[in-house]
Amino acid sequence: MSEKLGPMQFGQPSGQVFLGRDLHNEQNYSDKIAYEIDLEIQRIIKECYEKAKSILTQHRDKLDLIATTLLEVETLDAEQIKHLFEHGTLPNRDQSDEGNNQDNKDQGGNNDVKINIQKKDE
C-alpha cells in the first residue's frame, strides 16, 4: 500500500502449478499502471535505504563497538548487544546470570536445556 497507488491489489493468480507450468500472476492492469507500480516500488526502496543508512550513520560509534567486540568474543546475545549499545561495555556475567536466574524463578521454571549424551555400545 502506498499513498500514490492506495490499498490496491494488482494481478490475479493464474491457478495451480501443473506439469511444469509456472505459477504467475495474470496482468489485469495497463502498462501505464505497471510503470506507476515500478516507480512507487523504487521510491519505497530508496526511502527505506536512506532511512537505514541514516540510522546506521547516526549510531556508527556503537556499530563499530559491537563489531570490535564480536571480533574478540565471536558471539553476542541480545542482552549483551543491548548493554553494549546503552553502556558501551559488556555486562558483567555474574550480574546477567543472576538476572536470568531471577527471571526463571519469576516465571516458575528453569528454561535451561539439558542434554544427556551417552556412548553407543558397538
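Q: Why are α1 and α2 called roughly perpendicular to each other?
A: In this predicted model, the axes of helix α1 (residues 31-58) and helix α2 (residues 60-73) cross at roughly 75°. The label covers angles from 65 to 115 degrees, so α1 and α2 count as roughly perpendicular. Their axes come within 5 Å.

Q: What makes the contact between α1 and α2?
A: On the α1 side you've got L56, T57 and Q58, and they meet R60, D61 and L63 of α2. Contact here means heavy atoms within 4.5 Å. By class, that's 2 nonpolar, 2 polar and 2 charged residues.

Q: Why are α2 and α3 called oblique to each other?
A: α2 packs against helix α3 (residues 78-87) at an angle of about 135°, with the axes 9 Å apart. Roughly perpendicular stops at 115 degrees and roughly antiparallel needs over 145, so α2 and α3 end up as oblique. As for handedness, the crossing of α2 and α3 is right-handed.

Q: Which residues of α2 and α3 meet?
A: K62, L65, I66 and T69 come from α2, while I81, L84 and F85 come from α3. Sorted by class, this contact has 5 nonpolar, 1 polar and 1 charged.

Q: How do you know that K62 lies over the face of F85?
A: K62 is 4.5 Å from the ring centre of F85, and the cut-off for a charge over a ring is within 6 Å, plus within 35 degrees of the ring normal. K62 is listed as lying over the face.

Q: How many aromatic pairs are there?
A: The count comes to 0, with centres required to lie within 6.5 Å for a pair.

Conventions
Residues numbered from 1 in each chain as written. Predicted model: local features only at pLDDT ≥ 70, side-chain atom pairs only at ≥ 80, totals over all residues. Heavy atoms only, no water. Phe/Tyr/Trp six-rings, centres within 6.5 Å; stacked < 30°, edge-to-face > 60°. Axes fitted to C-alpha atoms, helices over the stretch in contact; angles between N-to-C directions. Helix = DSSP H or I, 4+ residues; strand = E, 2+ residues; numbered from the N terminus. Parallel < 35°, antiparallel > 145°, perpendicular 65-115°, else oblique. Nonpolar A, V, L, I, M, F, W, Y, C, P; charged D, E, K, R; others polar. Left-handed = near helix turned anticlockwise from the far one by under 90°.
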